[in-house]
Amino acid sequence: MDKSLIRNFCIVAHIDHGKSTLADRIIEKTGLLTAREMQEQVLDNMDLERERGITIKSQAVRTVFKSKDGNEYIFNLIDTPGHVDFNYEVSRSLAACDGAILVVDAAQGVEAQTLANVYLALDHGLDVFPVINKIDLPSAEPERVIEEIEDVIGIEAQDAPLISAKNGIGIDEVLEAVVTKVPAPKGDENAPLSALIFDSLYDSYKGVIVFVRIMDGTVKKGTKIRMMATGACEEVVEVGYFGAGRFIPCDELSAGMVGYITASIKTLSETAVGDTVTDADNPCSEPLPGYKKVQPVVYCGVYPADSSKYEDLKEALEKLQLNDASLFYEPETSLALGFGYRCGFLGLLHLDIIQERLEREYDLDLVTTAPSVVYKVYKTDGTVIDLTNPSNLPDPSEIDYMEEPIVDAEIMVTKDYVGSIMELCQQRRGRYISMEYIDAGRALLKYELPLNEIIYDFFDALKSRSKGYASFDYDLKGYEKSTLAKLDILINKEQVDALSFIVHGDSAYDRGRRMCEKLKEEIPRHLFEIPIQACVGGRVIARETVKAMRKDVLAKCYGGDITRKKKLLEKQKEGKKRMRQVGNVEIPQSAFMSVLKLDEDK
Amino acid sequence: MKISDTSEIYIHIPFCVRKCLYCDFTSFPADDDIREKYVDALTQELYFIANEKCHTAISAVFIGGGTPSVLPGDKIQKIMECVRSNFDLCDDAEITIECNPGTLSEDKVRAYKQSGINRISLGLQSSNDEELKKLGRIHTYDDFLKSRELVKNAGFTNINVDLMNDIPGQRIKSWEQTLRNVSDLEPSHISAYSLIVEDDTPFGEMKKNGELEIPDEDTDRMMYHMTSGILSEYGYERYEISNYAKKGYECRHNTGYWTGVPYYGAGIDASSYYDNCRFVNSDDILGYIKDPLNGHFLIEKLKKNDLMSEYMILGLRMIKGVSYSCFEERFSESLDKIYEERIAKNIADGLLKRDDDRLFLTERGLDLANVVMQGFI
């Protein structure tokens, strides 16, 4: 394989700037797919991803491009997830590339996430060249955006292709630019094998399929390989490359190539993203840099709505983990919710995605508790606990002090909203770091924020306060000492463990009050009056009352009404079945998530 | 299982002068041609039902709507002739027509009388003209008084008046006034409903947009509890959640609905219940006019469990409730055994009461009837 004819690249962009559409066009234009084979968005092959318009799992596709220079080039287009939750996966995908196309929306311009992704790409030594997308929009301002790219990011953009991925304008130019602007891969096929794992997935027939970029050396069927970080050793069963939407076996993968390896590996945990694959008999001296064990950042309780479905939930989590090594779970029991699991996620989006997949692909009805970050509890006896479930907080007398995770946050916002965003960050206990104007209209705000202040409704608050004009990115910074307390909720005098959460001392009263108000809305009237109380350390700090039900009767029921009214009663009854019984109070499932939606403007 | 030896007929007249803001029945204004054709279609369907479906005597006929009284008198006569000549009508059959104030005339009322109709149901809703306006009614209280004169003068003695509480802007005092005004006129029967705001109505829209100000739950209950008190002063007894009558004047047709008597519906969107099945006609009037016999679409086939469940949820609507012995006679099962737990729980919660052979809703049970009825679903 002539390395000079290979181009390994990815596309980086802010959500909605047209990354997937451009990928589709590239695949289409390189002619490997007939129109019929073309799914609407080839790279996004999961329903869920398509609906959300984002790409979750990184994937790669190999196409053949005949350039104007007369050569046929192999393009390996590696898709990267576009969300901060998957930063590490993004960084590994980037490490597998030699160059990147930066897609910028001709109307929206550069956004916080664009910046984050570009810097990440530049950090990995990638040659980045921009393309300006959506130039056919009436609001397109390519000149302004080009200037912005040069000013803000500091990369050459004057000759950026002006394209419309949606309408197929300028795609040829992009393809030629890939040939000229993305460098050919380096590496020595005769050196010991070193290959970077940038993704893997589980297939029930082939076992784990490992996605690799070969840096040095060659791998083929029969090679005995070793994963340098996990130590797993297997003999290669098959190697190949990625056709659009399928795997195409080949004889060997050598330095510079992107492809897959199967080796009857049973679990994804043996093929961690970022690990180095080497030849067990002739290993390379050093693993590739940048490997990191991925740790969950956010935890929540996941329970089956119908407690008899516990086994189904267990099975579903096992299966999901086969394809998502970053999902963590362990059994947990709640007085209110019964048997379930405490699950750990890379972030809120990851949590959302897993929850939706459980509900959609495994047809489960779930109750999830409020997400919690991992607190460090320093006990008086000198031991430290990583607290992932508020219910497990030791007695206050045993606690010396607690620490909470802090993130470095970057918020890009149009200048009209700088004030209200700063106010928001202040309210969320943010520590102001800096602000720089990136152009006349926009500023980049840097804050340190406690993670627990952003996992609830920060995104929504940001959006509503900036009318959608703010973009946000963050990176975990570390732990800091903090005044924290456990807020407990009592419903009809009984503590509901699944509703407890950790809160900063200063906001305990406010959160408690809003929590009570929210629960009052969520809990239906019963035959009796129900007090709802918020307590810190046994002291009641807020109270609401759900009044006893006064009226629940159908005034009218004649011949034509009967079937309909029966359905209504059935629905009411069904609704009750789906509720959780705590003491003699029936609590709707949604109440357990209501801590998440404490609307800040109320 | 024992089945009733009589049946009822419901005839739907989907026409009105103008649709009220809360109405979710199938009804609309229509021209003479459509009305004429519709009545023809009705007679065809009634003929078909009589010959192909119904094999029992008829104890009650109800001509409802819409506003049946918008039709000319001879049309009602034509419908009634068709009923008389094709069905086996009991001698004492209750035959009701729904009329709205502002649509009656001396001729019409005379035609009703001649055709054998013996009960008039007048849709008044309120004696307060402001409230009538709020509901989108076309008439005033005075119109009602005139209509009632016409009906009385034609010799009708069995008259129902429909009333409504929870009207937007209604006060407890004005509800009391409506009840007293109407009771003073001594109709034999009063239906008094809380307004139900249905989704696909102008009221439903207004509610969604927060533009509908109706009395709150507490006021509603106060009005409801007041109703039975005031009406009993005038000799009316509550016999169903929203129905009150002087002794012996309980509506037979509606009682049929609550006691499992089969009924045959004719006309668009009319429901039927016979052979343990529920049916409904299409609401497409042009389709109906073209082919009135292509109806009675099966929507529910009731098994024994369903029948028992209906027996309870419908039967408990009546103030006297259900009878243990009747239940057993009908289903050859003991009511206690089938619903033991539910009954005990509701009795403990103070929603149901047992008195010898009868099981019935308490006052609180009447407020919370749905809670009780869910137990029998």
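Reader: What makes A:D306, A:E311, A:D312, A:E315 and A:E318 a negative surface patch?

Author: In this predicted model, these five names are all Asp or Glu, and Asp and Glu count as negative. A patch takes residues with over 30% relative accessible area and no salt bridge, and like charges are joined within 9 Å. A:D306, A:E311, A:D312, A:E315 and A:E318 form such a patch. Take A:D312, which has a place in helix α7 (residues 310-323) of chain A. Its relative accessible area is 38%, and the cut-off is over 30%.

Reader: Why is A:D312 called partly exposed?

Author: Buried means under 20% and exposed means over 50%, with partly exposed in between. A:D312 has 38%, so it is partly exposed.

Reader: Now for the rings. What makes A:F242 and A:Y260 a tilted aromatic pair?

Author: Two rings pair if their centres lie within 6.5 Å, and A:F242 and A:Y260 are 5.9 Å apart, centre to centre. The angle between their planes is 50°.

Reader: Why are A:F458 and A:F472 called tilted?

Author: Their planes are 55° apart and their centres 5.1 Å. A:F458 lies in helix α11 (residues 458-465) of chain A and A:F472 in strand β26 (residues 471-482), so the pair ties together parts 14 residues apart in sequence. Both A:F458 and A:F472 are buried. Over all chains, a search of the whole structure finds 31 aromatic pairs.

Reader: On to charges. How do you know that A:E148 and A:R144 form a salt bridge?

Author: The rule asks for a side-chain nitrogen of Lys or Arg within 4 Å of a carboxyl oxygen of Asp or Glu. Here the closest N and O atoms of A:E148 and A:R144 are 2.9 Å apart. That is within 4 Å, so the pair is a salt bridge. A:E148 and A:R144 both lie in helix α5 (residues 142-153) of chain A, four residues apart, about one turn of the helix.

Reader: Is A:E148 buried or exposed, and what about A:R144?

Author: A:E148 has 2% relative accessibility, so it counts as buried. A:R144 has 31%, so it is partly exposed.

Reader: What makes A:R442 and A:E148 a link between distant parts of the chain?

Author: Their side chains meet in a salt bridge at 2.7 Å, N to O. A:R442 is in strand β25 (residues 442-450) and A:E148 in helix α5, 294 residues apart.

Reader: Which pair joins two chains?

Author: B:E310 and A:K566 meet in a salt bridge of 2.4 Å, N to O. B:E310 lies in helix α11 (residues 304-315) of chain B and A:K566 in helix α13 (residues 562-577) of chain A, so this pair joins two chains. Both B:E310 and A:K566 are buried.

Conventions:
Residues are numbered from 1 along each chain as its sequence is written. Chains are lettered from A and ligands numbered from 1 in the order in which they are written. This is a predicted model: local features need pLDDT of at least 70, side-chain atom pairs count only at pLDDT 80 or more; totals for chains, interfaces and linings use all residues. Side-chain values use heavy atoms; hydrogens and water are left out. Patches are made of residues with over 30% relative accessible area and no salt bridge: like charges are joined within 9 Å, nonpolar side chains (Val, Leu, Ile, Met, Phe, Trp, Tyr) within 5 Å. Accessible areas come from the Shrake-Rupley method with a 1.4 Å probe; for residues, only the protein chains shown count as cover. The place of a charge is taken as NZ of Lys, CZ of Arg, CG of Asp or CD of Glu. Buried means under 20% relative accessible area, exposed over 50%, partly exposed in between (1.4 Å probe, protein chains only). Rings of Phe, Tyr and Trp (its six-membered ring) pair if their centres lie within 6.5 Å; planes under 30 degrees apart count as stacked, over 60 as edge-to-face and the rest as tilted.
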